[in-house]
Amino acid sequence: MSFDLNSFLRPHIAKLQPYTSARDEYTGKEGVFLDANENPFGSITEQDFNRYPDPYQSALKTEIAKIKAVRTSQIFLGNGSDEAIDLLYRAFCNPGKDNVILLPPTYGMYEVSANINDVEVRKVALTEDFQLQPEKILAAADANSKILFICSPNNPSANKAKREDVLFLLKNFKGLVVVDEAYIDFSDEPSFTAELDNFPNLLVMQTFSKAWGLASLRLGMAFASEEIIRILNKIKPPYNISGLTQDTVLAAITDKNKVDQMIREILDERDFLQSELEKLSFVQKIHPSHANFLLVKIPNATQVYDDLIEEKVIVRNRAKVLLCEDCLRITVGTRAENEVFLKALKKVC
Ligand SMILES: Cc1ncc(COP(=O)(O)O)c(C=O)c1O
């Protein structure tokens, strides 16, 4: 399919001369480094952090490329996926002129980022069972619709989008299609990264914050064509991923067994939580989950939410969110945490 990225890009970004950092201009490892105004004596901490990190995270991308079966040139790393979301707006959406299509109920940052960047949001609700409405999405779009955000598995509904709907939109939506796969590790759905070479308008987001258990390190991934990745790299802050994050994740990702084991444990706990909730007569609905949380419908959800806080159990109140009336979003915890939650829920309901 044809997708002319250059006509799509904001003109001033196309012309932008990016900042070149000291570590861009000289990439060798050996020598006396007097180029970046660092502290030559080390750090005030036990571990040294005095040198600026690799701005393009080459070593880390080499390992991620192996795990994700993509080329290093197809990877962008951000300070969480949230950084990638913001950069996409800044690269492609002219404030006050362009728009993006969002599919509520969905992850809140797409809209917040649009508002920060003064970009119009057009909303096309999911169906009652949280599926996409492809024809309505296309009807809502016009020549200024730059990005369509599809979250699958979706937050907060936990389900996955039908693959054929996403493929239909990839073929027919004229702008960039972002498939946010933050929760893909908890699903049996294969990643859309396998489609990158077929669709130049596809960008897939994933994160180390969920299955990998590294939310605090802030590392999000975006996979797309080389041209799109080049644009994101051009406009990102020079050292957006700390050296600590790069080194820690690099050391951790070689142990793929560990993350697989953690995912299995979370899925087991999800089954446990689901089966225990099914036994409770006041639970009206547990939405099928492809994520590490359950969306659960309970009468007077907001009151239940408040009462759970009194019991020192904190879940996410989604009761005011479109199509999620009287729903709480419950992250799958450890067995001990899930039992505390279930006990508190039985007490307050
Ligand atoms: C769908 C979705 N995308 C992205 C994110 C943010 O991920 P990160 O921690 O990488 O910024 C979240 C966080 O909850 C999410 O639910």
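This is a predicted model: local features need pLDDT of at least 70, side-chain atom pairs count only at pLDDT 80 or more; totals for chains, interfaces and linings use all residues.
Two strands pair if DSSP finds at least two bridges between them.

β6 covers residues 202–207 and is mostly covered, with six of its six residues buried. In a regular strand, side chains alternate between the two faces of the sheet. Here both faces are covered: L202, V204 and Q206 are buried on one side, and L203, M205 and T207 are buried on the other.

Strand β5 (residues 176–180) pairs with β6 in the parallel sense over four bridges, and L203 is the bridge partner of V178. Strand β7 (residues 220–223) pairs with β6 in the antiparallel sense, again over four bridges. There, A222 of β7 stands opposite M205.

**Rings**

The structure holds nine aromatic pairs, including these two:

| Pair | Type | Centre to centre | Angle between planes |
|---|---|---|---|
| Y52 and Y239 | stacked | 4.6 Å | 20° |
| Y107 and Y110 | edge-to-face | 5.5 Å | 85° |

Y52 sits in the loop between α3 (22–25) and α4 (58–68), and Y239 in the loop between α9 (226–235) and α10 (243–253), so their pair ties together parts that are 187 residues apart in sequence. Y52 is partly exposed, at 40% relative accessible area, and Y239 is partly exposed at 23%.

As for the other pair, Y107 is partly exposed at 26% relative accessible area, whereas Y110 counts as buried at 0%. Y107 and Y110 also belong to one aromatic cluster with Y89 and F149.

**Charges over rings**

K146 has its charged end over the ring of F8, 5.2 Å from the centre. R335 does likewise over the ring of F272, at 3.7 Å from its centre.

Definitions and conventions:
Residues are numbered from 1 along each chain as its sequence is written. Side-chain values use heavy atoms; hydrogens and water are left out. Buried means under 20% relative accessible area, exposed over 50%, partly exposed in between (1.4 Å probe, protein chains only). Helices (H or I, at least four residues) and strands (E, at least two) are DSSP runs, numbered from the N terminus. Rings of Phe, Tyr and Trp (its six-membered ring) pair if their centres lie within 6.5 Å; planes under 30 degrees apart count as stacked, over 60 as edge-to-face and the rest as tilted. A charge sits over a ring if NZ of Lys or CZ of Arg is within 6 Å of the ring centre and within 35 degrees of the ring normal.
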